[in-house]
Amino acid sequence: MVDIEGQSSDGQPLLVAENLGKMYGRIVACRNISFVLYPGEVLAIVGESGSGKSTLLQMLSAQIAPTSGLVSYRMRDGMLRDLNVLGEAERRFLFRTDWGYVHQDATQGLRMAVSAGANVGERLMAVGWNHYGRIRETAETWLQRVEIDVGRIDDTPRTYSGGMRQRLQIARNLVTGPRLLFMDEPTGGLDVSVQARLLDLVRGLVSELGLAAIVVTHDLAVARLLSHRVMVMKGGRVIESGLTDQVLDDPHEAYTQLLVSSILPT
Amino acid sequence: MPTMIELTSAEKTFTMHLQHGVRLPVVSNVNFSVNGGECVVLSGPSGAGKSSILKMIFGNYRCDSGKIEVCSRGTMVDLATADARDILSLRRDTIGYVSQFLRVVPRVAAIDVVTEPAVATGTPRSEARERAGMLLQRLNIPTRLWSLPPATFSGGEQQRVNIARGFVSGHPILLLDEPTASLDRANREVVVDLIGEKKRAGVAVVAIVHDDDVREAIADRIVDVTAFANAA
């Protein structure tokens, strides 16, 4: 269940995917995927390994180009722009400021050799902040918000636990006030208790900040806790989509029923 | 009082693909309506489809055919065809639902669980919290529990938190799935009073209750669900 506080009911779409497809040689990774994401909305993409969900996330976040179809994003000037034809300055703005990307493997999303404070501060410096005291102060605030002891600000993430690294990644991403957060299996590889804490933190921050988010996960509990809507992928296609509780409580497709029935009772 | 809920030929069948595609008809040709200020109690034996009908009105179960219209800001919206965003906004502003069990979210305090839906409809947080506190008080949840997550509460306490959560906002439609099932007499009476207040405020209530005394106290009309049982 998700709080939809602050979500405007009649906004314009933030991101639009139209007939997205991706081929790797003759292998189809994704085909014919279309959907619309609105501001403040959290979309989960679920499916097993190899279903194409990570490829889809990479196309949506402009890391790989689609073979067919297009992704458009509403820039802060209110204009929907095709991600494939963005200029370098616009791409930089998206990657450094307006988007966040939380990797499953924190070592890909963090700079492991520099301090936690610098990891958070770096995104601010990239958008022109240059006052050391203010950067450090903001970094401290964000460490607190993600429940990291400020006393650890000068330590490198190498010295952090898996859960702390994930929370640091979230702080690093949210510090620039993005409007859209991509998350790729954000709880993968974490202990169950650490997962619950992280999910609860993400859930709170997303609703508090009114962020839109796209979460790739194979864990239906993550989808249920975080998302408003879900898309179920299999063999590169979206086989079922809709309101998260509707799809999980009343799944129509055979594969979705299999996924739902495979959850162990808690 | 205006019609707030209207079901027309609504139908629901489960197709179990993992059991060789066996089809389980739940209900068909469901026709009834509920006016503002009125409480309709669904009756029928276990498995007759009472909860399924409530879930269809909440948009949790999809409706295979027919219409499920609810009144939202003066216009009738069909849940059978509404998209995900419309249903979310109906749930935020129009339809409240008290499920049989509280779905607990880790680490969220009971008082915040109750406050949240009122804040979502635009009530200032301080006022929403005050209202939440009043409800928890009336439902006899001791103040010392308010700041704790309900995961460790007893079944009856969780259910009362769930009721408070469902009653905190001014939704014009309220769906109640066995709200008094695990409550003692004193708390059942509180719930009966709360439902009475909602009716007087013009709220359309659809409820499933098994206690005869509660049903007697709240029902304006009984709708027998066995009439909609699908002859398989």
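This report describes the overall build of chain A and then one of its sheets, as seen in a predicted model.

## Overall build

Chain A contains 10 helices and 10 strands. Its radius of gyration is 18 Å, close to the 18 Å that the globule rule gives for 266 residues, so chain A is as compact as a globular protein of that length.

Of the 266 residues in chain A, 46% count as buried. When one considers the contacts in chain A between residues at least 6 apart in sequence, 66% of them join residues that are at least 24 apart.

## An open sheet of four strands

In chain A, 4 strands form an open sheet, in which the order is 2-1-4-5 and the pairing is antiparallel. Strand 2 (27-37) and strand 5 (80-82) of chain A stand at the edges and have a single partner strand each, so one side of each is left without a neighbour in the sheet. From one strand to the next, the twist averages 25°.

Within this order, strand 1 (residues 15-24) of chain A pairs with strand 4 (residues 68-74) of chain A in the antiparallel sense, over 5 bridges. A:Ala17 stands opposite A:Val71, which belongs to strand 4 of chain A.

## A helix across the sheet

Helix 1 (residues 53-60) of chain A lies across strand 1, strand 2 and strand 4 of chain A, and this helix runs at about 125° to strand 1 of chain A.

Conventions
Residues are numbered from 1 along each chain as its sequence is written. Chains are lettered from A and ligands numbered from 1 in the order in which they are written. This is a predicted model: local features need pLDDT of at least 70, side-chain atom pairs count only at pLDDT 80 or more; totals for chains, interfaces and linings use all residues. Helices (H or I, at least four residues) and strands (E, at least two) are DSSP runs, numbered from the N terminus. The radius of gyration is taken over C-alpha atoms; the globule rule is 2.2 Å times the number of residues to the power 0.38. A residue is buried if 20 or more other C-beta atoms lie within 10 Å of its own, exposed if 12 or fewer, and partly exposed in between; C-beta atoms are placed from the backbone. Two residues are in contact if their C-beta atoms, placed from the backbone, lie within 7 Å. Two strands pair if DSSP finds at least two bridges between them. Axes are lines fitted to C-alpha atoms, for helices over the stretch in contact, and angles run from 0 to 180 degrees between N-to-C directions.
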